[in-house]
Amino acid sequence: MLPVRHLPARGRRPRGSVARQALRRAALVSASGLLAGCNMVVMDPAGDVAVQQRNLIIASTALMLLVIVPVIALTFLFAWRYRASNPEGTFDPDFHHSTQLEVVIWTVPLLIVIALGAMTWISTHTLDPYRPLGRLAPGKPVPTDAKPLEVQVVALDWKWLFIYPELGIAAVNEMAAPVDRPISFKLTSSSVWNAFYVPALAGMVYTMPGMETQLQAVINKEGDYWGQSAHYSGSGFSRMNFRFHGLGREGFEQWVAKVKAGGERLEREAYLRLEKPSEAEPVRYYSSVEGGLFGAILGLCVTPGRMCVGEMHHIDMSGGAGKDSEGNRERLDYDNRRLESGDEPSGATFPASGRPPQGSVQPEGMMPRDQNMSRGGVNQRQSEPDQGQGNALPGGDREPAPAQLNDRPTENHQH
C-alpha cells in the first residue's frame, strides 16, 4: 500500500513558504532601515552655492526627462499596440512622412536644448568660483559691510593645511567658518594637482602647484561636514580627508581661541617638516603663522635659496636677465627639490611600470628631465638592478608588478 501524501488545502500556502515570505519581508525592512541612514549631502547641502548647484542638477534632469520618459513609455505602447497578434493594429508599409510627427520630434528637443543652454549660461556666470557672492541665501543679499573670511588652503601629501591670515592661525585637516558669512578661499598645492571638495559647501575646485585658484562660498547651517580630496594624488589619497565645522559667531570665536591656545608657530622650517609626505595625519593647530608663508608656498620658494616664481615672472616682464639668467637656473629647479632631500613620495605608476618610483630609467618615449644629464646625474642610467634615487619610502616595495599585469596580449587577441 502506497503512503498517503498529505497535500495542503486549496488556497493555502505551506507553512515553510509563509515563513520564507515573512523572512524576506523582514530582510527588506531591515535593508530599508539601513538605507534610511544614508545622507545624500550633494542633494541636501548646507551652503547656498551648493544649493544652487543642486537645483541646477534637478532642473537639468527634469528637462531631459521630458523626452526620456515619453520615449520609454511610447516604446512599450507601440510594442503592445502593433504586435503581430493584434488584428486592430494598422499595417501601412507605404507610410513615409507625417508633418505632425516631424513638428513634435524636432520642436520639443530644440526647446529643451535652448532651455538647457540658457540655464548653463546663467549658472556658469552666477556660480563662477571667482565671482563674489551676490547672496547668502534665497532672498538674503550679502550686506554691503560684510567682509569675507579669507582662508588660504594648501593641498599637501596627503593632508590639508588651512591658514587664516587675518586671524594669524592655521590648522591641519580641520577648518571652521561662521554661518552666514562669505568665505573667500585661495587655494594652491605643494607638489601635484589636487581638488578641494566640501559637498555641503560648494563644488570642487582644483589646486595646482605654483598657481592660485579661488572659491567663494557660504555655509548656512551649523554642523560638522566632511571634506575630501577629489583628485587622485598618490598612495595616501583615500585618507586625505578633513572636517569642516559650520559654527555660530560664539562657536567660531571659541574655535579660534582653542587654536591659538593649543598650537605651535608655523614658520618655514615647521612647514617644510609638515610638507613631507605622510598619511592619516591627525588634526594639528598652529597658534601663529609666519608672515608671507602662503605667498612663498605659492611661489615654490619656501626652501632657502629658491627663487620665487613671481620673481622670475618680473625678470621676464623686464626683458630678461641675459647672460646673468644662467645663475638663476639652480634657484628655479623646483621639480627635484624633494628628490634631492629624499622626501619624494613613491610614484603612483610604479606597480604597473616595473620601475622603482622616480628611478633612473625613464619611461619609454618620455622627455628626459634634463637633456644635459646634470643635477648630479639624475637621468644617468645606473647599474642594474636599478636602485632609484633614494626617494622611495623606507621599506617600500621596489619589486615590479605581478607578471600577469605585464603580459602582452596574444596574437589572437581582439582589441
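**Questions on a predicted model**

Student: Are C301 and C308 buried or exposed?
Tutor: This is a predicted model, and its values are computed. Buried means under 20% relative accessible area. C301 falls in that class, and C308 does too. The word for both C301 and C308 is buried.

Student: What joins C301 to C308?
Tutor: The structure holds one such link. The two sulfur atoms lie 1.8 Å apart. A pair of cysteine sulfur atoms within 2.5 Å qualifies. So C301 and C308 are joined by a disulfide.

Student: Which handedness does the link of C301 and C308 have?
Tutor: Look at the angle about the S-S bond. It is 75° for C301 and C308. The link is right-handed.

Student: Why does I68 count as partly exposed?
Tutor: Buried is under 20% and exposed is over 50%. Partly exposed lies in between. I68 gets that label because its relative accessibility is 41%.

Student: How many helices and strands are there in the protein?
Tutor: Take the whole protein now. Its 415 residues include 33% that are buried. The count is 10 helices and 14 strands.

Student: What share of the accessible surface belongs to carbon and sulfur atoms?
Tutor: The accessible surface of the protein is about 26,300 Å². The share from carbon and sulfur atoms is 58%.

Terms used:
Residues numbered from 1 in each chain as written. Predicted model: local features only at pLDDT ≥ 70, side-chain atom pairs only at ≥ 80, totals over all residues. Heavy atoms only, no water. Helix = DSSP H or I, 4+ residues; strand = E, 2+ residues; numbered from the N terminus. Buried < 20%, exposed > 50% of the residue type's maximum accessible area, 1.4 Å probe, protein only. Areas by Shrake-Rupley, 256 points an atom, 1.4 Å probe, with all protein chains shown as cover.
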